[in-house]
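Here is a short report on one protein chain.

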Amino acid sequence: MTIGNCLCGALRWEIDGPLSAMMHCHCSMCRKSHGTLFATFAIAPLASFRWQAGEDHVKNYRSSANGVRAFCPTCGSAAPGTMPEMGIVFVPAGNLQGDPGIRPQRHIFTGSKSPWYEITDDLPQDEAYPPGVGAKGVERPAPAPRAGFTDGSCLCGDVAFELTGAPVRAMNCHCSRCRLGRGAAHATNLFYKLDQFRWTRGESLVTDYKVPEARFHAAAFCSRCGSKVPRISAERGVVNVPAGSLDTDPGMRPAAHIFVADKAPWFEITDSLPQHEQMPAG
């Protein structure tokens, strides 16, 4: 039995039986939706999937003629999606509890991979869908960079923002809350000072969810499409920017992996960045 849930716990589901596949997706839509540099999905037969709670709570955003993005409207976590015509369900791997007994098998849509993310493992790579899938990807224009600015937006485009100058820091975070909130192997967060950030549209559409028992941890997302967007932390004087929400290169790469003691059991770190079991001092 494989179980999963969203960050706030309103959505819970189970899969009775083995998962059939797991893959990393680098398409721009997944990066936007999850706020990460890649998303990871586990696939199982639809007949083995059951909602335990929250099915009526799920919100859907149609991202293309053939695609729907499901998410929790309370916390913004990605939710499972179904493809009845293929008899499968695909679930965000970051929301799975424990070891699902399967490991990622390939990278897909590397043709639209973030230009500032490097794949360092030996898994097979497909520029679009893997062989045998009779579908085509959605062509999305690449935003033009602006001198002195880093731009970002949500998947539906109703929320957008701009940043000036370089980030204060950038980290890959493997804590369970980041994994649940982003529905991914880890979050890549960039931190800017408050005066470096400005909403350019859609601020009123942003939902801010604070984990009740956490000191700081919160998630911000577009209430229309569920995409993760920057979260202003006035108490710390910073803005936490999900890397996947960026449209242009911020000019900084992650400096380390943090909270690796809480890393997903199905994900292997293969790059050479420093690893810290918790948050490093300073």
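Four bridges join strand β2, residues 12–15, to β5. The two strands run antiparallel. One of the residue pairings is E14 with R50 of β5. The model is a predicted one.

These strands belong to an open sheet of three, ordered β1-β2-β5, with antiparallel pairing. β1 (2–5) and β5 (49–53) stand at the edges. Each has a single partner strand, so one side of each is left without a neighbour in the sheet. From one strand to the next, the twist averages 25 degrees.

## Two tryptophans across β2 and β5

W13 and W51 form an aromatic pair. W13 lies in strand β2 and W51 in strand β5, 38 residues apart.

How accessible is W13? W13 counts as buried, at 0% relative accessibility. W51 is partly exposed, at 25%.

## Salt bridges

The whole structure holds 12 salt bridges. One of them involves R50, the bridge partner of E14. R50 pairs with D16, with 3.9 Å between the closest N and O atoms. R50 lies in strand β5, and D16 in the loop between β2 and β3 (21–25), so the pair ties together parts that are 34 residues apart in sequence. Both ends are partly exposed: R50 has a relative accessibility of 36%, and D16 has one of 45%.

R106 and D126 form another salt bridge, at 2.6 Å from N to O. R106 is in strand β10 (residues 106–108), while D126 sits in the loop between β10 and β11 (149–153). The pair therefore ties together parts 20 residues apart in sequence. R106 is partly exposed, at 22%. D126 is buried, at 10%.

What does R146 contact through its charged end? One partner is E162, in a salt bridge with 2.7 Å between the closest N and O atoms. E162 lies in strand β12 (residues 160–164), and R146 in the loop between β10 and β11. The two are 16 residues apart, and the pair links distant parts of the chain. E162 is buried, with a relative accessible area of 11%. R146 is partly exposed, at 36%.

The bridge is part of a network. Salt bridges with shared partners join R146, D151, E162 and R198. R146 also meets a ring: its charged end sits over F149, 4.2 Å from the ring centre.

R169 lies over the face of F191, at 4.3 Å from the ring centre.

## Cysteines without disulfides

How many disulfides does the structure hold? The count is zero. C154 is in no disulfide, and its nearest cysteine sulfur, that of C156, is 3.5 Å away. A disulfide needs the two sulfur atoms within 2.5 Å. C154 is buried, with a relative accessible area of 2%.

C178 gives a second case. Its closest cysteine sulfur belongs to C175, at 3.7 Å, too far for a bond. C178 is buried too, at 7% relative accessibility.

## Other aromatic pairs

The count of aromatic pairs comes to 11. F197 and W199 form an edge-to-face pair, at 4.9 Å centre to centre and 85 degrees between the planes. Both residues are buried: F197 has a relative accessibility of 12%, and W199 has one of 14%.

Which residues do ring pairs link into a cluster? They are F38, Y117, W266 and F267.

Definitions and conventions: Residues are numbered from 1 along each chain as its sequence is written. This is a predicted model: local features need pLDDT of at least 70, side-chain atom pairs count only at pLDDT 80 or more; totals for chains, interfaces and linings use all residues. Side-chain values use heavy atoms; hydrogens and water are left out. Two strands pair if DSSP finds at least two bridges between them. Axes are lines fitted to C-alpha atoms, for helices over the stretch in contact, and angles run from 0 to 180 degrees between N-to-C directions. A salt bridge is a side-chain nitrogen of Lys or Arg within 4 Å of a carboxyl oxygen of Asp or Glu. Buried means under 20% relative accessible area, exposed over 50%, partly exposed in between (1.4 Å probe, protein chains only). Rings of Phe, Tyr and Trp (its six-membered ring) pair if their centres lie within 6.5 Å; planes under 30 degrees apart count as stacked, over 60 as edge-to-face and the rest as tilted. A charge sits over a ring if NZ of Lys or CZ of Arg is within 6 Å of the ring centre and within 35 degrees of the ring normal.
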